[in-house]
Amino acid sequence: MNCSICGAEHVSSPGRGKATPSGGPLCPYQGVPYTGLRAGHDQLYFGRWRRMDATSIDLRRAYHQLERLLDKIAVALETEDLPAARLDLGKAFEALHTAGPGEEGPEVLRYLDHALSYAHRVIGDLLHEKGLPPHSPADFAEWYDAGEVPFREDW
């Protein structure tokens, strides 16, 4: 079920997170700036396409999710004067288009991962411009099935 606040699909583990008066989990992104961008990033960051058992369908889904995220980031950048962020967004689109929809293999994974990393940098730039700390997916990991995320030990 997708969250009505951020649009992401996330479920907290039992005993974690806060609950609404009706007993359902609160959105972990509620009240944070750039809610949709952060949730979209994390949904990809913790997505099935990054797992060892990812299928070609998972890769195609990730490609299209990432394309939508980058489009939303582009809209958010329209009103900001952040040349470095615009450059990173261009690199994200370039990596995404190099991956290509429907392609498979380790090269595709690498390009999708690069596009996601550039998207993360742009979100960080948007937050920095507002004087806020950078976005950290680790802060939201409990809301996702984060057991197999590559490089998790680097948190």
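The model is predicted, with local features needing pLDDT of at least 70, side-chain atom pairs counted only at pLDDT 80 or more, and totals for chains, interfaces and linings using all residues. Residues are numbered from 1 along each chain as its sequence is written, and side-chain values use heavy atoms, with hydrogens and water left out.

Now show the whole of α3, residues 83–99. Helices here are DSSP runs of H or I, at least four residues, numbered from the N terminus. From first C-alpha to last, the 17 residues of α3 reach 25 Å, close to the 24 Å expected at 1.5 Å a residue (1.5 Å times one less than the number of residues).

Turn to the buried side. Select Ala85, Asp88, Leu89, Ala92, Ala95, Leu96 and Ala99, which are buried in α3 (under 20% relative accessible area). They lie on the same side of α3 because they cover an arc of only 125° around the axis, taken from the directions from the helix axis to the C-beta atoms.

Step just past α3 to Gly100. Its phi is positive, about 75°.

Last stop: α1 and α4. Select Leu37, Arg38, His41, Leu44 and Tyr45 in α1; they meet Leu116, His120, Ile123, Leu126 and Leu127 in α4.

Note on methods:
Helix = DSSP H or I, 4+ residues; strand = E, 2+ residues; numbered from the N terminus. Buried < 20%, exposed > 50% of the residue type's maximum accessible area, 1.4 Å probe, protein only. Contact = heavy atoms within 4.5 Å.
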